[in-house]
Amino acid sequence: MVSSIKAWVGLQSHAEEMQSIHLKNLFHPSEDRFGAFSFSFDHYLLDLSKQRITEETLSKLLLLAEQQGLAGWISKLFNGEKVNDSERRAALHSALRLPENATLCVDEQDVAQDVQASLLKMHGLVEQIQQAQWRGFDGSPIRCVVSIGVGGSSLGPLMACTALEQYTGADIRHLDVHFVSSMDGSELEKLLPNLDPATTLFIVASKSFTTVDTLANANTARQWLLSASHQSIDLINQHHFIAVTARPDQALTWGVPEKNQLLLWDWVGGRYSLWSVVGLPIALKIGMQNFREMLAGAHAMDEHFRDTPFEKNLPVLLALVSVWNINFLNIHAHAILPYDGRLSQLPAYLEQLEMESNGKSINRQGERIEYRTCPVLWGQVGSSAQHAFYQLLHQGTEPVMCDFIMAAMRYESEGEELKEQHQLSLANCLAQSRLLAIGESVSDSEEQQSNYKHYDGNQSSTTIMLDTLTPETFGGLIAMYEHKVFVQSVIWDINPFDQWGVEQGKKVASSLLAELRNGRNEVLDSSTNGLLRYVKSRQQRGVS
Ligand code: F6P
(Lines give C-alpha, C1' and ligand atoms only; values in the text may rest on other atoms or scores of the structure.)
Protein backbone atom coordinates (compact mmCIF):
# COMPACT_ATOMS: atom_id res chain seq x y z
CA MET A 1 0.00 0.00 0.00
CA VAL A 2 1.10 3.52 -0.74
CA SER A 3 1.05 4.37 2.96
CA SER A 4 3.98 2.05 3.55
CA ILE A 5 6.24 3.20 0.73
CA LYS A 6 9.35 5.22 1.53
CA ALA A 7 8.18 8.54 0.14
CA TRP A 8 4.92 8.40 2.09
CA VAL A 9 6.69 7.57 5.34
CA GLY A 10 9.15 10.40 4.65
CA LEU A 11 6.26 12.81 4.19
CA GLN A 12 4.74 11.66 7.48
CA SER A 13 7.80 12.57 9.46
CA HIS A 14 8.18 15.83 7.53
CA ALA A 15 4.56 16.66 8.38
CA GLU A 16 5.29 16.21 12.09
CA GLU A 17 7.77 19.09 11.80
CA MET A 18 5.48 21.19 9.62
CA GLN A 19 2.32 20.77 11.73
CA SER A 20 3.56 23.20 14.34
CA ILE A 21 4.65 25.92 11.90
CA HIS A 22 2.09 28.65 11.27
CA LEU A 23 1.71 29.64 7.63
CA LYS A 24 2.58 33.24 8.44
CA ASN A 25 5.98 32.10 9.65
CA LEU A 26 6.73 30.62 6.25
CA PHE A 27 6.69 34.15 4.82
CA HIS A 28 10.16 35.54 5.48
CA PRO A 29 10.60 39.17 4.49
CA SER A 30 13.90 38.37 2.81
CA GLU A 31 12.51 35.58 0.64
CA ASP A 32 10.34 35.71 -2.46
CA ARG A 33 7.86 33.02 -1.43
CA PHE A 34 5.46 33.95 -4.21
CA GLY A 35 8.27 33.60 -6.75
CA ALA A 36 9.24 30.23 -5.34
CA PHE A 37 5.78 28.70 -5.14
CA SER A 38 3.81 30.14 -8.01
CA PHE A 39 3.82 28.45 -11.39
CA SER A 40 2.54 29.59 -14.72
CA PHE A 41 1.67 28.16 -18.06
CA ASP A 42 0.10 30.03 -20.95
CA HIS A 43 -2.85 32.03 -19.57
CA TYR A 44 -2.82 30.41 -16.14
CA LEU A 45 -1.10 31.11 -12.87
CA LEU A 46 -1.13 28.63 -10.01
CA ASP A 47 -0.09 30.24 -6.74
CA LEU A 48 0.75 27.75 -4.01
CA SER A 49 2.58 30.21 -1.78
CA LYS A 50 -0.30 30.21 0.71
CA GLN A 51 0.01 26.47 1.18
CA ARG A 52 1.83 25.09 4.22
CA ILE A 53 4.72 23.82 2.15
CA THR A 54 8.44 24.31 1.79
CA GLU A 55 10.87 23.33 -0.96
CA GLU A 56 11.44 20.14 0.99
CA THR A 57 7.71 19.37 1.03
CA LEU A 58 7.49 19.74 -2.72
CA SER A 59 10.48 17.58 -3.42
CA LYS A 60 9.13 14.86 -1.11
CA LEU A 61 5.75 15.03 -2.87
CA LEU A 62 7.43 14.79 -6.25
CA LEU A 63 9.26 11.71 -5.03
CA LEU A 64 5.93 10.22 -3.98
CA ALA A 65 4.57 10.83 -7.49
CA GLU A 66 7.60 9.12 -8.95
CA GLN A 67 7.36 6.15 -6.60
CA GLN A 68 3.68 5.74 -7.45
CA GLY A 69 4.54 5.52 -11.14
CA LEU A 70 2.71 8.69 -12.19
CA ALA A 71 4.58 9.02 -15.48
CA GLY A 72 3.49 5.54 -16.54
CA TRP A 73 -0.11 6.20 -15.58
CA ILE A 74 -0.17 9.40 -17.61
CA SER A 75 0.99 7.49 -20.69
CA LYS A 76 -1.62 4.81 -20.10
CA LEU A 77 -4.34 7.46 -19.82
CA PHE A 78 -3.40 9.24 -23.04
CA ASN A 79 -2.72 6.06 -25.01
CA GLY A 80 -6.16 4.66 -24.37
CA GLU A 81 -5.21 1.80 -22.07
CA LYS A 82 -7.99 0.44 -19.89
CA VAL A 83 -7.30 2.63 -16.86
CA ASN A 84 -10.90 2.11 -15.73
CA ASP A 85 -10.14 -1.47 -14.74
CA SER A 86 -13.34 -2.33 -12.88
CA GLU A 87 -15.29 -1.64 -16.07
CA ARG A 88 -12.47 -2.64 -18.44
CA ARG A 89 -12.57 0.66 -20.28
CA ALA A 90 -10.23 3.40 -21.36
CA ALA A 91 -10.89 6.96 -20.16
CA LEU A 92 -10.21 8.93 -23.27
CA HIS A 93 -11.71 12.34 -22.57
CA SER A 94 -8.43 13.84 -23.80
CA ALA A 95 -9.16 12.30 -27.24
CA LEU A 96 -12.35 14.38 -27.40
CA ARG A 97 -10.28 17.54 -27.66
CA LEU A 98 -7.59 16.41 -30.08
CA PRO A 99 -7.11 18.71 -33.09
CA GLU A 100 -9.07 17.90 -36.25
CA ASN A 101 -6.23 16.21 -38.11
CA ALA A 102 -4.99 14.05 -35.21
CA THR A 103 -5.04 10.28 -35.12
CA LEU A 104 -5.18 8.00 -32.09
CA CYS A 105 -5.47 4.29 -32.67
CA VAL A 106 -6.95 2.26 -29.83
CA ASP A 107 -7.77 -1.40 -30.47
CA GLU A 108 -7.11 -0.75 -34.15
CA GLN A 109 -9.75 1.97 -34.23
CA ASP A 110 -8.86 5.61 -34.92
CA VAL A 111 -10.85 7.16 -32.09
CA ALA A 112 -9.70 10.67 -33.02
CA GLN A 113 -11.42 10.38 -36.37
CA ASP A 114 -14.55 8.92 -34.74
CA VAL A 115 -14.60 11.96 -32.50
CA GLN A 116 -14.33 14.33 -35.46
CA ALA A 117 -17.15 12.52 -37.24
CA SER A 118 -19.43 12.90 -34.23
CA LEU A 119 -18.52 16.57 -33.85
CA LEU A 120 -19.31 17.03 -37.54
CA LYS A 121 -22.77 15.54 -37.07
CA MET A 122 -23.24 17.80 -34.04
CA HIS A 123 -22.08 20.78 -36.11
CA GLY A 124 -24.70 19.92 -38.73
CA LEU A 125 -27.47 19.90 -36.12
CA VAL A 126 -26.21 23.14 -34.59
CA GLU A 127 -26.32 24.80 -38.03
CA GLN A 128 -29.81 23.54 -38.76
CA ILE A 129 -31.06 24.91 -35.47
CA GLN A 130 -29.04 28.14 -35.63
CA GLN A 131 -30.14 28.84 -39.19
CA ALA A 132 -33.79 28.32 -38.31
CA GLN A 133 -34.03 25.24 -40.54
CA TRP A 134 -35.05 22.90 -37.75
CA ARG A 135 -38.80 23.29 -37.46
CA GLY A 136 -41.29 22.40 -34.79
CA PHE A 137 -44.58 20.54 -35.40
CA ASP A 138 -46.31 23.53 -37.04
CA GLY A 139 -43.35 24.59 -39.18
CA SER A 140 -42.08 27.34 -36.81
CA PRO A 141 -38.32 27.55 -36.30
CA ILE A 142 -36.93 26.40 -32.95
CA ARG A 143 -36.27 29.26 -30.54
CA CYS A 144 -35.83 27.49 -27.27
CA VAL A 145 -33.80 24.44 -26.27
CA VAL A 146 -34.33 22.48 -23.07
CA SER A 147 -31.54 20.09 -22.14
CA ILE A 148 -32.76 17.21 -20.00
CA GLY A 149 -30.02 15.31 -18.18
CA VAL A 150 -28.45 14.84 -14.78
CA GLY A 151 -24.97 14.60 -13.25
CA GLY A 152 -22.32 14.49 -15.95
CA SER A 153 -24.97 14.85 -18.64
CA SER A 154 -25.93 18.24 -17.26
CA LEU A 155 -23.44 19.84 -14.87
CA GLY A 156 -20.67 20.44 -17.41
CA PRO A 157 -22.87 21.96 -20.14
CA LEU A 158 -24.75 24.06 -17.57
CA MET A 159 -21.48 25.33 -16.12
CA ALA A 160 -20.05 26.14 -19.55
CA CYS A 161 -23.21 27.89 -20.77
CA THR A 162 -23.23 30.00 -17.60
CA ALA A 163 -19.52 30.79 -17.77
CA LEU A 164 -19.41 31.65 -21.46
CA GLU A 165 -22.76 33.37 -21.93
CA GLN A 166 -21.08 36.53 -23.19
CA TYR A 167 -19.79 34.53 -26.17
CA THR A 168 -23.28 34.39 -27.59
CA GLY A 169 -21.95 36.75 -30.27
CA ALA A 170 -23.76 38.82 -32.88
CA ASP A 171 -23.17 36.12 -35.50
CA ILE A 172 -24.97 33.53 -33.38
CA ARG A 173 -28.75 33.40 -33.44
CA HIS A 174 -30.04 33.75 -29.93
CA LEU A 175 -31.60 30.62 -28.48
CA ASP A 176 -32.94 30.30 -24.98
CA VAL A 177 -31.15 27.33 -23.45
CA HIS A 178 -32.55 25.79 -20.26
CA PHE A 179 -31.42 22.85 -18.15
CA VAL A 180 -33.69 20.42 -16.40
CA SER A 181 -32.45 17.73 -14.00
CA SER A 182 -34.66 17.48 -11.00
CA MET A 183 -36.30 14.08 -10.62
CA ASP A 184 -39.41 15.54 -8.97
CA GLY A 185 -40.34 17.62 -12.02
CA SER A 186 -39.95 20.97 -10.22
CA GLU A 187 -37.97 22.59 -13.00
CA LEU A 188 -40.29 21.45 -15.77
CA GLU A 189 -43.34 22.47 -13.79
CA LYS A 190 -41.98 26.00 -13.60
CA LEU A 191 -40.57 26.14 -17.11
CA LEU A 192 -43.18 24.58 -19.38
CA PRO A 193 -45.98 27.13 -18.89
CA ASN A 194 -43.61 29.82 -20.17
CA LEU A 195 -42.56 27.95 -23.30
CA ASP A 196 -44.13 27.72 -26.73
CA PRO A 197 -44.41 24.00 -27.58
CA ALA A 198 -44.14 24.62 -31.32
CA THR A 199 -40.72 26.28 -31.01
CA THR A 200 -39.19 24.20 -28.21
CA LEU A 201 -36.65 21.46 -28.80
CA PHE A 202 -35.66 18.98 -26.08
CA ILE A 203 -32.23 17.41 -25.86
CA VAL A 204 -32.34 14.20 -23.85
CA ALA A 205 -28.76 13.69 -22.69
CA SER A 206 -28.06 10.39 -21.02
CA LYS A 207 -25.06 8.21 -21.65
CA SER A 208 -26.92 5.12 -20.45
CA PHE A 209 -30.39 6.26 -21.53
CA THR A 210 -31.71 4.43 -18.48
CA THR A 211 -31.41 7.16 -15.86
CA VAL A 212 -34.87 7.42 -14.33
CA ASP A 213 -34.56 11.12 -13.50
CA THR A 214 -33.91 11.97 -17.13
CA LEU A 215 -36.47 9.59 -18.58
CA ALA A 216 -39.17 10.85 -16.20
CA ASN A 217 -38.51 14.45 -17.28
CA ALA A 218 -38.40 13.44 -20.95
CA ASN A 219 -41.76 11.65 -20.62
CA THR A 220 -43.32 14.70 -18.96
CA ALA A 221 -41.94 16.96 -21.70
CA ARG A 222 -43.24 14.70 -24.45
CA GLN A 223 -46.68 14.45 -22.89
CA TRP A 224 -46.77 18.27 -22.71
CA LEU A 225 -45.96 18.45 -26.42
CA LEU A 226 -48.50 15.79 -27.35
CA SER A 227 -51.28 17.52 -25.42
CA ALA A 228 -50.44 20.93 -26.90
CA SER A 229 -49.96 19.83 -30.50
CA HIS A 230 -52.50 17.02 -31.02
CA GLN A 231 -49.88 15.45 -33.30
CA SER A 232 -48.69 11.86 -33.45
CA ILE A 233 -45.96 10.69 -31.12
CA ASP A 234 -43.70 9.93 -34.12
CA LEU A 235 -43.96 13.44 -35.45
CA ILE A 236 -43.26 14.91 -32.00
CA ASN A 237 -40.24 12.65 -31.55
CA GLN A 238 -38.88 13.69 -34.94
CA HIS A 239 -39.35 17.42 -34.58
CA HIS A 240 -38.81 17.98 -30.88
CA PHE A 241 -36.31 15.49 -29.51
CA ILE A 242 -32.60 14.95 -29.91
CA ALA A 243 -30.92 12.14 -27.96
CA VAL A 244 -27.30 12.32 -26.82
CA THR A 245 -26.26 8.88 -25.68
CA ALA A 246 -23.96 5.88 -25.84
CA ARG A 247 -27.03 3.63 -26.14
CA PRO A 248 -28.69 4.35 -29.49
CA ASP A 249 -30.82 1.21 -29.06
CA GLN A 250 -32.36 2.53 -25.85
CA ALA A 251 -32.91 5.98 -27.36
CA LEU A 252 -34.61 4.41 -30.36
CA THR A 253 -36.84 2.30 -28.14
CA TRP A 254 -37.85 5.46 -26.29
CA GLY A 255 -38.66 7.00 -29.67
CA VAL A 256 -35.78 9.20 -30.86
CA PRO A 257 -35.06 8.38 -34.52
CA GLU A 258 -31.49 7.68 -35.57
CA LYS A 259 -31.08 10.95 -37.46
CA ASN A 260 -31.79 12.83 -34.22
CA GLN A 261 -29.20 10.92 -32.22
CA LEU A 262 -25.70 12.04 -31.33
CA LEU A 263 -23.49 9.28 -30.04
CA LEU A 264 -20.67 8.99 -27.56
CA TRP A 265 -18.66 5.97 -26.52
CA ASP A 266 -18.36 3.95 -23.34
CA TRP A 267 -14.82 5.33 -22.88
CA VAL A 268 -16.25 8.79 -22.16
CA GLY A 269 -17.07 8.98 -18.46
CA GLY A 270 -20.26 10.94 -17.73
CA ARG A 271 -18.45 13.55 -15.62
CA TYR A 272 -15.79 13.89 -18.33
CA SER A 273 -18.25 14.25 -21.18
CA LEU A 274 -18.88 17.96 -21.72
CA TRP A 275 -16.24 17.89 -24.49
CA SER A 276 -18.24 15.33 -26.46
CA VAL A 277 -21.66 15.67 -28.09
CA VAL A 278 -22.97 16.06 -24.52
CA GLY A 279 -21.71 19.61 -25.10
CA LEU A 280 -24.46 20.23 -27.69
CA PRO A 281 -26.19 22.88 -25.51
CA ILE A 282 -22.85 24.68 -25.21
CA ALA A 283 -22.38 24.70 -28.98
CA LEU A 284 -25.94 25.94 -29.43
CA LYS A 285 -25.36 28.71 -26.94
CA ILE A 286 -21.90 29.95 -27.97
CA GLY A 287 -21.54 28.57 -31.50
CA MET A 288 -19.39 25.77 -32.84
CA GLN A 289 -16.33 27.98 -33.31
CA ASN A 290 -16.26 28.92 -29.63
CA PHE A 291 -16.98 25.31 -28.67
CA ARG A 292 -13.91 24.25 -30.65
CA GLU A 293 -11.87 26.94 -28.88
CA MET A 294 -12.93 25.47 -25.58
CA LEU A 295 -11.68 22.08 -26.82
CA ALA A 296 -8.43 23.68 -27.99
CA GLY A 297 -7.85 25.21 -24.54
CA ALA A 298 -8.40 21.84 -22.91
CA HIS A 299 -6.07 20.20 -25.43
CA ALA A 300 -3.31 22.71 -24.66
CA MET A 301 -3.69 21.78 -20.98
CA ASP A 302 -3.57 18.07 -21.93
CA GLU A 303 -0.25 18.61 -23.67
CA HIS A 304 1.08 20.61 -20.75
CA PHE A 305 0.06 17.82 -18.37
CA ARG A 306 1.48 15.05 -20.56
CA ASP A 307 4.78 16.73 -21.46
CA THR A 308 5.85 19.06 -18.64
CA PRO A 309 8.22 17.95 -15.89
CA PHE A 310 6.26 17.40 -12.72
CA GLU A 311 7.96 20.22 -10.82
CA LYS A 312 6.38 22.73 -13.23
CA ASN A 313 3.25 20.82 -14.14
CA LEU A 314 0.12 22.65 -12.95
CA PRO A 315 -2.31 19.71 -12.55
CA VAL A 316 0.40 17.59 -10.90
CA LEU A 317 1.31 20.33 -8.41
CA LEU A 318 -2.32 21.09 -7.67
CA ALA A 319 -2.94 17.42 -6.91
CA LEU A 320 0.20 16.83 -4.86
CA VAL A 321 -0.44 19.81 -2.64
CA SER A 322 -3.95 18.64 -1.97
CA VAL A 323 -2.65 15.13 -1.13
CA TRP A 324 -0.26 16.84 1.30
CA ASN A 325 -3.17 18.65 2.94
CA ILE A 326 -5.44 15.62 3.12
CA ASN A 327 -3.06 12.85 4.06
CA PHE A 328 -0.36 14.64 6.01
CA LEU A 329 -1.87 17.83 7.44
CA ASN A 330 -5.27 16.19 8.10
CA ILE A 331 -7.40 18.73 6.23
CA HIS A 332 -10.58 17.02 5.07
CA ALA A 333 -12.70 19.85 3.73
CA HIS A 334 -12.16 21.71 0.48
CA ALA A 335 -13.94 24.93 -0.50
CA ILE A 336 -14.14 26.04 -4.14
CA LEU A 337 -14.41 29.82 -4.25
CA PRO A 338 -14.55 31.48 -7.66
CA TYR A 339 -14.49 35.27 -7.44
CA ASP A 340 -16.37 35.52 -10.68
CA GLY A 341 -20.14 35.13 -11.01
CA ARG A 342 -19.68 33.50 -14.41
CA LEU A 343 -18.16 30.50 -12.63
CA SER A 344 -21.10 30.09 -10.28
CA GLN A 345 -21.65 26.50 -11.44
CA LEU A 346 -18.02 25.47 -11.02
CA PRO A 347 -18.42 24.25 -7.40
CA ALA A 348 -21.33 21.93 -8.29
CA TYR A 349 -19.38 20.62 -11.27
CA LEU A 350 -16.26 19.95 -9.20
CA GLU A 351 -18.32 18.30 -6.48
CA GLN A 352 -19.22 15.60 -8.97
CA LEU A 353 -15.84 15.52 -10.72
CA GLU A 354 -13.85 15.11 -7.52
CA MET A 355 -16.19 13.26 -5.19
CA GLU A 356 -17.66 10.82 -7.73
CA SER A 357 -14.17 10.13 -9.07
CA ASN A 358 -12.15 9.85 -5.88
CA GLY A 359 -14.73 9.19 -3.18
CA LYS A 360 -13.41 5.63 -2.88
CA SER A 361 -12.03 3.41 -0.15
CA ILE A 362 -10.98 0.33 -2.12
CA ASN A 363 -7.73 0.33 -4.08
CA ARG A 364 -7.04 -1.03 -7.54
CA GLN A 365 -6.17 -4.41 -6.02
CA GLY A 366 -9.59 -4.60 -4.40
CA GLU A 367 -8.27 -4.01 -0.87
CA ARG A 368 -9.74 -1.64 1.71
CA ILE A 369 -7.35 1.26 2.13
CA GLU A 370 -6.22 2.77 5.39
CA TYR A 371 -5.60 6.37 4.35
CA ARG A 372 -7.93 9.24 3.46
CA THR A 373 -8.97 9.95 -0.12
CA CYS A 374 -11.29 12.64 -1.48
CA PRO A 375 -12.27 15.31 1.04
CA VAL A 376 -15.71 16.86 1.30
CA LEU A 377 -15.92 19.52 -1.37
CA TRP A 378 -18.32 22.40 -1.61
CA GLY A 379 -18.35 25.99 -2.65
CA GLN A 380 -20.05 29.08 -3.93
CA VAL A 381 -19.11 32.33 -5.64
CA GLY A 382 -16.60 33.68 -3.11
CA SER A 383 -18.12 37.11 -2.60
CA SER A 384 -21.49 35.54 -1.71
CA ALA A 385 -19.87 32.87 0.43
CA GLN A 386 -18.21 35.66 2.42
CA HIS A 387 -21.69 36.50 3.69
CA ALA A 388 -22.57 32.88 4.32
CA PHE A 389 -19.95 30.36 5.47
CA TYR A 390 -16.66 32.29 5.71
CA GLN A 391 -17.25 32.66 9.44
CA LEU A 392 -16.36 28.97 9.73
CA LEU A 393 -13.29 29.39 7.53
CA HIS A 394 -12.00 32.24 9.68
CA GLN A 395 -12.96 31.24 13.18
CA GLY A 396 -14.37 27.70 13.11
CA THR A 397 -12.67 24.57 14.38
CA GLU A 398 -12.33 22.86 10.98
CA PRO A 399 -9.21 23.15 8.88
CA VAL A 400 -10.37 23.82 5.31
CA MET A 401 -8.30 24.17 2.17
CA CYS A 402 -9.63 26.69 -0.33
CA ASP A 403 -9.26 27.23 -4.05
CA PHE A 404 -9.63 30.89 -5.00
CA ILE A 405 -10.26 31.27 -8.72
CA MET A 406 -10.31 34.54 -10.61
CA ALA A 407 -9.61 36.27 -13.91
CA ALA A 408 -7.09 39.11 -13.83
CA MET A 409 -8.87 41.09 -16.53
CA ARG A 410 -12.55 41.64 -17.18
CA TYR A 411 -14.85 44.35 -18.56
CA GLU A 412 -12.05 45.81 -20.67
CA SER A 413 -14.56 47.67 -22.83
CA GLU A 414 -17.66 47.74 -20.68
CA GLY A 415 -17.50 50.99 -18.78
CA GLU A 416 -15.93 52.18 -15.57
CA GLU A 417 -18.57 51.02 -13.11
CA LEU A 418 -18.31 47.37 -14.08
CA LYS A 419 -14.54 47.60 -14.21
CA GLU A 420 -14.63 48.97 -10.71
CA GLN A 421 -16.81 46.05 -9.61
CA HIS A 422 -14.20 43.67 -10.97
CA GLN A 423 -11.49 45.44 -8.97
CA LEU A 424 -13.68 45.23 -5.88
CA SER A 425 -14.11 41.51 -6.37
CA LEU A 426 -10.36 40.97 -6.88
CA ALA A 427 -9.56 42.99 -3.78
CA ASN A 428 -11.94 40.85 -1.75
CA CYS A 429 -10.47 37.65 -3.10
CA LEU A 430 -6.93 38.67 -2.24
CA ALA A 431 -7.98 40.03 1.15
CA GLN A 432 -9.70 36.81 2.12
CA SER A 433 -6.89 34.50 1.10
CA ARG A 434 -4.40 36.76 2.91
CA LEU A 435 -6.44 36.86 6.11
CA LEU A 436 -7.05 33.11 6.02
CA ALA A 437 -3.33 32.48 5.67
CA ILE A 438 -1.79 35.07 7.94
CA GLY A 439 -4.59 35.68 10.45
CA GLU A 440 -4.81 38.77 12.61
CA SER A 441 -4.57 39.34 16.33
CA VAL A 442 -6.60 41.87 18.23
CA SER A 443 -4.56 44.88 19.17
CA ASP A 444 -3.36 45.18 22.75
CA SER A 445 -5.58 48.18 23.39
CA GLU A 446 -8.74 46.18 22.81
CA GLU A 447 -10.60 44.53 25.66
CA GLN A 448 -9.84 41.02 26.89
CA GLN A 449 -13.09 39.63 25.52
CA SER A 450 -12.06 40.62 22.05
CA ASN A 451 -10.79 37.08 21.60
CA TYR A 452 -13.98 37.00 19.56
CA LYS A 453 -12.23 39.25 17.10
CA HIS A 454 -9.14 37.12 16.77
CA TYR A 455 -8.33 35.46 13.44
CA ASP A 456 -6.04 32.47 13.79
CA GLY A 457 -5.23 32.20 10.11
CA ASN A 458 -3.15 29.19 9.05
CA GLN A 459 -5.82 28.07 6.55
CA SER A 460 -4.16 26.82 3.37
CA SER A 461 -5.29 28.07 0.00
CA THR A 462 -4.41 27.94 -3.67
CA THR A 463 -5.06 30.82 -6.03
CA ILE A 464 -5.74 30.04 -9.65
CA MET A 465 -5.63 33.07 -11.88
CA LEU A 466 -6.67 33.19 -15.52
CA ASP A 467 -5.69 36.18 -17.67
CA THR A 468 -9.28 36.45 -18.87
CA LEU A 469 -12.16 34.01 -18.98
CA THR A 470 -12.61 32.86 -22.59
CA PRO A 471 -13.76 29.58 -24.11
CA GLU A 472 -10.09 28.63 -24.39
CA THR A 473 -9.08 29.41 -20.79
CA PHE A 474 -12.31 27.92 -19.48
CA GLY A 475 -11.45 24.67 -21.32
CA GLY A 476 -7.93 24.72 -19.89
CA LEU A 477 -9.17 25.36 -16.35
CA ILE A 478 -11.55 22.40 -16.42
CA ALA A 479 -8.96 20.10 -18.00
CA MET A 480 -6.52 21.12 -15.26
CA TYR A 481 -8.99 19.98 -12.60
CA GLU A 482 -9.69 16.73 -14.48
CA HIS A 483 -6.00 15.89 -14.52
CA LYS A 484 -5.59 16.94 -10.90
CA VAL A 485 -8.23 14.36 -9.96
CA PHE A 486 -6.41 11.71 -12.00
CA VAL A 487 -3.06 12.44 -10.34
CA GLN A 488 -4.65 12.15 -6.89
CA SER A 489 -6.15 8.81 -7.88
CA VAL A 490 -2.72 7.55 -8.90
CA ILE A 491 -1.24 8.56 -5.57
CA TRP A 492 -4.12 6.88 -3.73
CA ASP A 493 -4.05 3.84 -6.02
CA ILE A 494 -7.78 4.03 -6.78
CA ASN A 495 -9.79 3.96 -9.99
CA PRO A 496 -11.28 7.45 -10.54
CA PHE A 497 -13.39 6.42 -13.52
CA ASP A 498 -16.05 4.16 -12.02
CA GLN A 499 -18.86 5.00 -9.58
CA TRP A 500 -20.22 1.79 -8.09
CA GLY A 501 -21.29 3.66 -4.98
CA VAL A 502 -24.23 5.26 -6.76
CA GLU A 503 -25.81 2.03 -8.01
CA GLN A 504 -27.33 0.40 -4.94
CA GLY A 505 -29.41 3.47 -4.04
CA LYS A 506 -31.06 3.28 -7.46
CA LYS A 507 -32.07 -0.36 -6.83
CA VAL A 508 -33.45 0.36 -3.37
CA ALA A 509 -35.41 3.33 -4.80
CA SER A 510 -37.01 1.15 -7.43
CA SER A 511 -38.20 -1.39 -4.87
CA LEU A 512 -39.46 1.43 -2.66
CA LEU A 513 -41.39 2.87 -5.58
CA ALA A 514 -43.09 -0.50 -5.94
CA GLU A 515 -43.91 -0.38 -2.23
CA LEU A 516 -45.40 3.08 -2.61
CA ARG A 517 -47.47 1.98 -5.58
CA ASN A 518 -48.76 -1.37 -4.34
CA GLY A 519 -49.45 -0.34 -0.80
CA ARG A 520 -47.51 -3.16 0.86
CA ASN A 521 -44.56 -2.50 3.08
CA GLU A 522 -43.00 -5.38 4.78
CA VAL A 523 -39.42 -5.86 3.80
CA LEU A 524 -37.65 -2.81 5.13
CA ASP A 525 -36.25 -1.42 8.35
CA SER A 526 -38.48 0.16 10.94
CA SER A 527 -37.57 3.74 10.07
CA THR A 528 -38.20 3.35 6.36
CA ASN A 529 -41.39 1.37 6.99
CA GLY A 530 -42.61 4.04 9.37
CA LEU A 531 -41.92 6.82 6.89
CA LEU A 532 -43.62 4.88 4.09
CA ARG A 533 -46.70 4.32 6.23
CA TYR A 534 -46.74 8.00 7.15
CA VAL A 535 -46.51 9.14 3.50
CA LYS A 536 -49.27 6.75 2.47
CA SER A 537 -51.58 7.80 5.27
CA ARG A 538 -51.03 11.47 4.38
CA GLN A 539 -51.61 10.80 0.70
CA GLN A 540 -54.83 8.89 1.44
CA ARG A 541 -56.12 11.72 3.60
CA GLY A 542 -55.10 14.27 0.97
CA VAL A 543 -52.95 16.37 3.32
CA SER A 544 -50.70 18.50 1.12
O1 F6P B 1 -25.87 8.08 -10.99
C2 F6P B 1 -24.63 8.64 -11.31
C3 F6P B 1 -24.48 8.81 -12.79
O4 F6P B 1 -24.32 7.59 -13.40
C5 F6P B 1 -23.30 9.73 -13.12
O6 F6P B 1 -22.11 9.08 -13.11
C7 F6P B 1 -23.73 10.25 -14.45
O8 F6P B 1 -23.04 11.40 -14.81
C9 F6P B 1 -25.21 10.49 -14.23
O10 F6P B 1 -25.60 9.44 -13.37
C11 F6P B 1 -26.06 10.50 -15.46
O12 F6P B 1 -25.96 9.30 -16.16
P13 F6P B 1 -26.51 9.17 -17.63
O14 F6P B 1 -25.76 10.13 -18.49
O15 F6P B 1 -26.28 7.75 -18.01
O16 F6P B 1 -27.97 9.52 -17.60
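Patches here are made of residues with over 30% relative accessible area and no salt bridge, with like charges joined within 9 Å and nonpolar side chains (Val, Leu, Ile, Met, Phe, Trp, Tyr) joined within 5 Å. Accessible areas come from the Shrake-Rupley method with a 1.4 Å probe, and for residues only the protein chains shown count as cover. A salt bridge is a side-chain nitrogen of Lys or Arg within 4 Å of a carboxyl oxygen of Asp or Glu.

Before you click: this is a predicted model, where local features need pLDDT of at least 70 and side-chain atom pairs count only at pLDDT 80 or more, while totals for chains, interfaces and linings use all residues. Residues are numbered from 1 along each chain as its sequence is written, and side-chain values use heavy atoms, leaving out hydrogens and water.

**Stop 1: a nonpolar patch.** Select Leu-513, Leu-516 and Val-535, which form a nonpolar surface patch with about 210 Å² of accessible area together. Leu-513 sits in helix H18 (residues 503-518); helices (H or I, at least four residues) and strands (E, at least two) are DSSP runs, numbered from the N terminus. Leu-513 counts as partly exposed because its relative accessibility is 38%, given that buried means under 20% relative accessible area, exposed over 50%, and partly exposed in between (1.4 Å probe, protein chains only).

**Stop 2: a negative patch.** Now pick Asp-42, Glu-293, Asp-467 and Glu-472, which make up a negative surface patch. Asp and Glu count as negative and Lys and Arg as positive, with His and the chain ends not counted; the charge is placed at NZ of Lys, CZ of Arg, CG of Asp or CD of Glu. Asp-467 is in the loop between strand E13 (461-466) and helix H17 (471-492), and is partly exposed at 33%. Asp-42 lies in the loop between strands E1 (38-41) and E2 (44-47). Check its backbone: Asp-42 is not a glycine, yet has a positive phi of about 50°. Most residues other than glycine have a negative phi.

**Stop 3: going inside.** Phe-209 also has a positive phi, near 55°. Find Phe-209 in the loop between strand E7 (200-205) and H8. Is Phe-209 buried or exposed? Phe-209 is buried, at 2% relative accessible area.

Thr-214 belongs to helix H8 (residues 212-229) and is buried, with a relative accessible area of 2%. Beyond neighbours within four places in sequence, the contacts of Thr-214 (heavy atoms within 4.5 Å) are Ile-148, Gly-149, Val-150, Val-204, Ala-205 and Ser-206.
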